[in-house]
Protein chains: 2
Amino acid sequence: MSEGTESAALAELAKRRGFFFGSSEAYGGVGGFYTYGPQGAALKSNVEEAWRERFAVQEGNLEIEAPTIMPEPVFEASGHLDGFDDMLVECAECGESHRADHLIEDNSDLEDAETLSLEEAAEEIADLGLVCPNCGADLAGQSVESFNLMFETNIGPGSKTPGYLRPETAQGIFVEFPRIKEYARNRLPFGVTQIGRAYRNEISPRKNIVRTREFTQAELEHFIDPERDEADLSAVEDVEVLLYPATEQEKEDGEYIETTIGEAVDEGIIANAWIGYFLGIAQEWYEDVGVDMDRFRFRQHLAGERAHYSADCWDAESEVDGDWIEIAGFSYRSDYDLSKHGEYGDDDFTVFQQYDEPKTVERAVVDPDMATLGPEFGAQAADVADALEALAERDPDAFDADEVTLDIDGEEVTVDTDVANFSVETQTEAGEHITPHVVEPSFGVDRTVYTLLAHAYETDEVDGEARTFLSLSPSVAPTNVGVFPLVSNVEELVDLADDVAEELRAAGFAVVYDDSGSIGRRYRRQDEVGTPFCITIDRDGMEGDGEDTVTIRERDSGQQVRLPVDDLVQTLVGLRAGTTSFDDVLDENEIVEA
Amino acid sequence: MSEGTESAALAELAKRRGFFFGSSEAYGGVGGFYTYGPQGAALKSNVEEAWRERFAVQEGNLEIEAPTIMPEPVFEASGHLDGFDDMLVECAECGESHRADHLIEDNSDLEDAETLSLEEAAEEIADLGLVCPNCGADLAGQSVESFNLMFETNIGPGSKTPGYLRPETAQGIFVEFPRIKEYARNRLPFGVTQIGRAYRNEISPRKNIVRTREFTQAELEHFIDPERDEADLSAVEDVEVLLYPATEQEKEDGEYIETTIGEAVDEGIIANAWIGYFLGIAQEWYEDVGVDMDRFRFRQHLAGERAHYSADCWDAESEVDGDWIEIAGFSYRSDYDLSKHGEYGDDDFTVFQQYDEPKTVERAVVDPDMATLGPEFGAQAADVADALEALAERDPDAFDADEVTLDIDGEEVTVDTDVANFSVETQTEAGEHITPHVVEPSFGVDRTVYTLLAHAYETDEVDGEARTFLSLSPSVAPTNVGVFPLVSNVEELVDLADDVAEELRAAGFAVVYDDSGSIGRRYRRQDEVGTPFCITIDRDGMEGDGEDTVTIRERDSGQQVRLPVDDLVQTLVGLRAGTTSFDDVLDENEIVEA
């Protein structure tokens, strides 16, 4: 399809059939907020469940659920209060707000306008002669300002306690690390996951569920001791991936690299083995839930894109309408997050790591003689003692002299070395407190849902009639199976259809029962919402004595087989899990000619 | 346990074992926000899933997912902007805010202080001589003010577009009714559900997860045509309930009524059959998930508690520490919500209901002669025509006179009746547009979780040692089953334990594998988080050739049986679903003496 067409056709289908649509349209709507209808809510919930199964359950990680509103000190520590900004330029004429960097990028060859300073951006706007996309007024001379992307509110009456809607679920994990480490019995490495809403007050949200102001993240914070915990790549080393490293992006004719996780880590293309591990399981997970792997890549962040503390960072990207969309980020965040909270917060964000064998260390210590310091320094005596202790740790050689000079609240004081009772002691240490490093795979759930829909959207022709269908993976499709009695006026046939629907529901399948209209129309209706299999109960199959058969039709091919009712559950379990293909089912049963 | 003890002991366990704890404590915490640890998040998620299964899937309802931030016009329509207030009194001394009605109720015999006017509340505070609970300063003379409980924020830059965190998930359903009715093929009755966060900026939140500022609701909006759709009570008429109707609450010695849903509806104790239907399925659901039904009641709202538009309203209440906690509300909301949005919003909030047979109606109509009105009234001519039309509908008899008098923008004008071309026409109507009524079961998920924990919290003594255990229902317990190799140094035993754990996980069970410490300690650890069954793999069971056996222990009784590995999945499926009791398992297998 040509550019833009895919997303336009998808948006129409999404609204008409209940996947997603702009919220509060009866009140004119407001940009950046979407509501999932019944199909979309089910698809999204299945994607979340699949993520949970892979990244929480199978990995043996801990899942938590934290509030979306957090108090200001959390974001002082995390850096969001100061640094989580976009560039805003307002039109003096119509008052509309725009993202300055997007305006510049859309109208020049610049690709990283967000790295400009505010002044540079304003100059660039003037130089390019940019006008307001809303009213056409000249934007030259308008100042460019920082706009913090967090939604602010007040907790309780008044404005004494500002709170913010979390810009990422991760902070809810970092802040509670001192408690969560106990649940992990203080043993690194361990992972903590959270699936939940996050919020970014985008200046000008784009018109679909890719860049919204409220969205769902699925995040995993994997805490490791960088000295002791090595990633085990055995499960993913042979996974094939398409990589777009920073070095290739910087070349004129840079190319993708087709390789395996094992090789990419060996060759240093992926700088960190933990990142490699998570790229590997993500690659397989995306394939399982139905991302078209011909329209998928891992792109490494350029040095300029990366946060200063991040040693390596890759995005998972999917292609829709010719654009690459970031659908997940994999970042080595070092000890940045826990160090910050350790510094700002009043709790212990470290983990005690036992040495394999106790270590003997020499330590410079003092034991100040307070009977001398007290009379000499009065109220300052305790501070002097503390300063002696600090000096011993910092510069033990200073105690070789007869006197040491200390800085007490800006005042210089001199103390006889004797008074300090300086010595070097030999101590045995069982271990050390370390601040864990964090490896963070962070998934955008809405963007994943959008990618699945866009990649599943297909059209063809059946019996000379145009057909639209969603080739969603059976593992995440909103409805697993449609159950249709061919006619609704034959009692035993309807009874069997009821029984089949009930049995499938009891086995945990999402079932749609439909007895309205022609069978072709019923198939079409399910095709359009991506139901992978439809079962039709017809007269031909009414054998009685538990020997009844029904037909099962596969969505994409339209092929049908007849199979015994007793085989249904087992067959569908295999089809949903991907352990059985429909070709297997075709091989083992009587094919029905359409 | 004595009053208060239960919740204090529970809070300690909840924090230590990862059910829930106050958020952001490293930053001093902020009242009304709680984080669910791994156990709590799993329990909550299981409760939500059980609710979804019963109230969405089994009822055939549509589930949606809407944003938590909504724009101001939504809440102008819903009435929350003007009316969603609590009474605030601030201490002049220390600046602390208090809920005036709670202060009054806590210090007097008044039970419904929230019905007082602001002035009356201030007087009452002065009369009672109330002091600030924080600093002891006199509160007499302080004004009592309205405080809106919605969290406010701004959407996009500046303050042009105020937004609010939804105070209930319901508005996300009502606002999108025009679209959702299409998904329901415009056929009443239908239900729409949503599980999600809601927010209330409580003035002084209580210290546990019962009254928080951010919480999860599970709401069902059931849309009906009150003239045509009758509740079918056949599935619930025999369900036994404990009711506390308004009439009994108003008596000096009012009593609970033990009855069935069928009788209560017949006798008018429950005024509306739809409410009766939902109370019936709620009663059964609460029992399934593990609420102690001896500490559970349905309490009818007193006339003063009810919104003016609500014909009948009942709360489900659970008892904890001697207090009754509202854990769900069942309200007949009439057409209030959809009418309001129909009035304020720019969309159609009605459903077209076809008559069984087309109706013939007489309708007074006019066909004003614009050739006469135009010259006579100029720019007002169209308004005059509209006024004639309105008058014909309102008061057709007025056209019997020679002249009619109209009010045009406050000005009285007189028009010859002839000009109106008045007539009474006979029209055939196929149906009518009606605004559906809403029956709303609204569940507090956090309060349900809290009730389950409080009702499950038990202590006893095993082998002379005190034991704490949570007798959570197997249907919602965070972990379904513990798997323990008795010793960890016998390879075939560990291999079998691994196989058992893997098989159970593949069958969809949440499994904890534990090979650390004594078997008694492992049992205790699982008892404390409510794991209903533990499987121990020991030497006695190593028969080989697929004949291996293991022991399975039930949490509450501590009883154990030995059963074949091959029976495990089926047995546990039955135990979790409640179709098999542990007594059945005891009957059919070899009992192991502890």
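Domain bounds as used here come from an automatic or database domain assignment. In this predicted model, in which local features need pLDDT of at least 70 and side-chain atom pairs count only at pLDDT 80 or more, totals for chains, interfaces and linings use all residues. Residues are numbered from 1 along each chain as its sequence is written, chains are lettered from A and ligands numbered from 1 in the order in which they are written, and side-chain values use heavy atoms, with hydrogens and water left out. For chain A the assignment gives domain 1 (85–147), domain 2 (361–426) and domain 3 (479–592), and the C-alpha centres of domain 1 and domain 2 of chain A are separated by 58 Å.

Helix packing was then considered, helices (H or I, at least four residues) and strands (E, at least two) being DSSP runs numbered from the N terminus. Axes are lines fitted to C-alpha atoms, for helices over the stretch in contact, and angles run from 0 to 180 degrees between N-to-C directions; angles under 35 degrees count as roughly parallel, over 145 as roughly antiparallel, 65 to 115 as roughly perpendicular and the rest as oblique. In chain B, the axes of helix 2 (residues 38–57) and helix 16 (residues 445–456) come within 10 Å and cross at roughly 115 degrees, which makes helix 2 of chain B roughly perpendicular to helix 16 of chain B. On the helix 2 side of chain B, Leu43(B), Lys44(B), Val47(B) and Glu48(B) meet residues of helix 16 of chain B that include Val449(B), Leu452(B) and Leu453(B). Classed with Ala, Val, Leu, Ile, Met, Phe, Trp, Tyr, Cys and Pro as nonpolar, Asp, Glu, Lys and Arg as charged, and the others, Gly among them, as polar, the residues of this contact divide into six nonpolar, one polar and three charged.

In chain A, helix 13 (residues 370–377) and helix 14 (residues 381–394) pack at an angle of about 130 degrees with their axes 8 Å apart, and helix 13 of chain A is therefore oblique to helix 14 of chain A. Met370(A), Leu373(A), Gly374(A) and Phe377(A) of helix 13 meet Ala381(A), Ala382(A), Val384(A), Ala385(A) and Leu388(A) of helix 14, a contact comprising eight nonpolar, one polar and no charged residues. In chain B, helix 13 and helix 14 likewise pack at about 130 degrees, with their axes 8 Å apart.

The loop between helix 8 (177–183) and strand 10 (190–199) of chain A contains Pro189(A), which is joined to Leu188(A) by a cis peptide bond with omega of about -10 degrees. Asn186(A), placed in the loop between helix 8 and strand 10 of chain A, has a positive phi of about 60 degrees although it is not a glycine. In chain B, the peptide bond from Leu188(B) to Pro189(B) is cis, with omega near -10 degrees, and Pro189(B) lies in the loop between helix 8 and strand 10 of chain B.

How values were computed: Contact = heavy atoms within 4.5 Å.
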